Amino acid sequence: QVQVLESGGGLVQAGGSLRLSCVASGSIFAINAMGWHRQAPGKQRELVAGISSDGRFDYADSVKGRFTIFRANAKNTVYLRMNSLKPEDTAVYYCNADITDTSRTRRDYWGQGTQVTVSS
């Protein structure tokens, strides 16, 4: 079995910072792309940032220059550093990982989500 677990959400004032972490564990053969998505109340889930296994990354326009995604491959971990947070960043943040397990089955895994609330 493979599990993906996020941590690091919370309540912060506008202009503040948070760092989210996501760890993949279990019967992992290889981790391909990893990423962060978010879903605000009444809105569709959207991609915030993604990073490939070789370090190529992509960001939503709304977070460019404020958020940084990076990963520690040896720890099966991806992070999202969020600076200059705005109230519109308030959402549940989900980690996503494209994983090949030890049976060589490849699929997407999602974490349970972590709440980020930015007060004005």
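# Chat about a disulfide and a sheet

Q: Hi! Are Cys 22 and Cys 95 buried or exposed?
A: Cys 22 and Cys 95 are both buried; that means under 20% relative accessible area, while exposed is over 50% and partly exposed is in between, with a 1.4 Å probe and protein chains only. This is a predicted model, where local features need pLDDT of at least 70, side-chain atom pairs count only at pLDDT 80 or more, and totals for chains, interfaces and linings use all residues. Residues are numbered from 1 along each chain as its sequence is written, and side-chain values use heavy atoms, with hydrogens and water left out.

Q: Thanks! How many disulfides does the structure hold?
A: One, counting cysteine sulfur atoms within 2.5 Å of each other. Cys 22 is joined to Cys 95, with 2.0 Å from S to S.

Q: And which parts does the pair tie together?
A: Cys 22 sits in strand 3 (residues 18-26) and Cys 95 in strand 9 (residues 91-101), so parts 73 residues apart in sequence are tied together. Strands here are DSSP runs of E, at least two residues, numbered from the N terminus.

Q: Which handedness does the link have?
A: The link of Cys 22 and Cys 95 is left-handed, at -80° about the S-S bond.

Q: New topic: what stands opposite Cys 22?
A: Glu 6 does. Strands 1 and 3 pair in the antiparallel sense over six bridges; pairing takes at least two DSSP bridges between two strands.

Q: What order do the strands of the open sheet follow?
A: The four strands run 1-3-8-7, with antiparallel pairing. At the edges, strand 1 (2-7) and strand 7 (67-72) each pair on one side only.
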